[in-house]
Amino acid sequence: GPLKPQNDTDAYRIDETLETLREMWAEKMKMTYGPNAEENIPGFFKETLGWYLPRLEKYVAKNDTTFIASNYITIADLFFAEMFWSLVSCNKGKTDFLEAYPKLFAVYNAVLTNDKLKAYYESCKDAPNNGPSAAWQ
């Protein structure tokens, strides 16, 4: 299916989701590259994700969608999957922080195992997710 919105409701939800994900991304960058980045990792997983993930989980449940913003993969899902793919790497390959949110975990897995995307994610398994200055490298 297409990555772009199919109607105004989906367009609104995609924009809304991307805005939230951009906020999370900014916090991830502080955790990754900011002063004392190594020390920021536990707080990011506990506090930042602890604030955002329950809200995103409720958002998906409330909208009753298969993916974050719609019933088809959009750019919001790709952004989400890419960000969390790098966080899984930061978390030594463990997905426990995301498994507590079954709808989000299902979206993450659906994107990574999608027939059109699976080969890409498989090809990147051994590639670094970030530059050598990232705190978790």
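Of the chain's 137 residues, 44% count as buried, where buried means under 20% relative accessible area, exposed over 50%, and partly exposed in between (1.4 Å probe, protein chains only). This is a predicted model, in which local features need pLDDT of at least 70 and side-chain atom pairs count only at pLDDT 80 or more, while totals for chains, interfaces and linings use all residues. Residues are numbered from 1 along each chain as its sequence is written, and side-chain values use heavy atoms, with hydrogens and water left out.

**Overall make-up**

- The chain has six helices and zero strands. Helices (H or I, at least four residues) and strands (E, at least two) are DSSP runs, numbered from the N terminus.
- Read from the N terminus, the order of elements is α-α-α-α-α-α.
- Take the contacts between residues at least 6 apart in sequence: 73% of them join residues at least 24 apart. A contact means heavy atoms within 4.5 Å.
- The accessible surface is about 7700 Å², and carbon and sulfur atoms hold 53% of that. Areas come from the Shrake-Rupley method with a 1.4 Å probe; for residues, only the protein chains shown count as cover.

**α1 against α3**

- Helix α1 (residues 8–33) packs on helix α3 (residues 75–90) at about 20°, with the axes 9 Å apart. Axes are lines fitted to C-alpha atoms, for helices over the stretch in contact, and angles run from 0 to 180 degrees between N-to-C directions.
- The angle makes α1 roughly parallel to α3. Under 35 degrees counts as roughly parallel, over 145 as roughly antiparallel, 65 to 115 as roughly perpendicular and the rest as oblique.
- The crossing of α1 and α3 is left-handed. That term applies if the near helix is turned anticlockwise from the far one by less than a right angle; clockwise is right-handed.
- On the α1 side, the contact uses I14, T17, L18, L21, R22, M24, W25, K28 and M31. On the α3 side, it uses I75, A76, F79, F80, M83, F84, S86, L87 and C90.
- By class, these residues are 14 nonpolar, two polar and two charged. Ala, Val, Leu, Ile, Met, Phe, Trp, Tyr, Cys and Pro count as nonpolar; Asp, Glu, Lys and Arg count as charged; the others, Gly among them, count as polar.

**L18 in α1**

- L18 sits in helix α1. Its relative accessible area is 11%, so L18 is buried.
- Leaving aside residues up to four places away in sequence, L18 touches I75, A76 and F79.
- L18 and A69 are 51 residues apart in sequence. Their C-alpha atoms are 9.4 Å apart in space.

**α2 against α3**

- Helix α2 (residues 37–63) and α3 pack at about 145°, with axes 12 Å apart.
- α2 and α3 cross in a left-handed sense.
- I41, F44, F45, L49 and L53 of α2 meet F84, L87 and C90 of α3.
- This contact has eight nonpolar residues, no polar and no charged ones.

**α2 against α5**

- α2 and helix α5 (residues 102–112) pack at about 80°, with axes 8 Å apart. The pair is therefore roughly perpendicular.
- L53, L56, E57, V60 and A61 of α2 contact P102, K103 and L104 of α5.
- The classes here are six nonpolar, no polar and two charged.

**K46 in α2**

- K46 belongs to helix α2. Its relative accessibility is 66%, so K46 counts as exposed.
- K46 and F97 are 51 residues apart along the chain, and their C-alpha atoms are separated by 8.7 Å.

**Loop residues with positive phi**

- Most residues other than glycine have a negative phi.
- D64 has a positive phi, near 55°. D64 lies in the loop between α2 and α3. At 63% relative accessibility, D64 is exposed.
- K92 also has a positive phi, near 60°. K92 is in the loop between α3 and α4 (96–99). K92 counts as exposed, at 73% relative accessibility.
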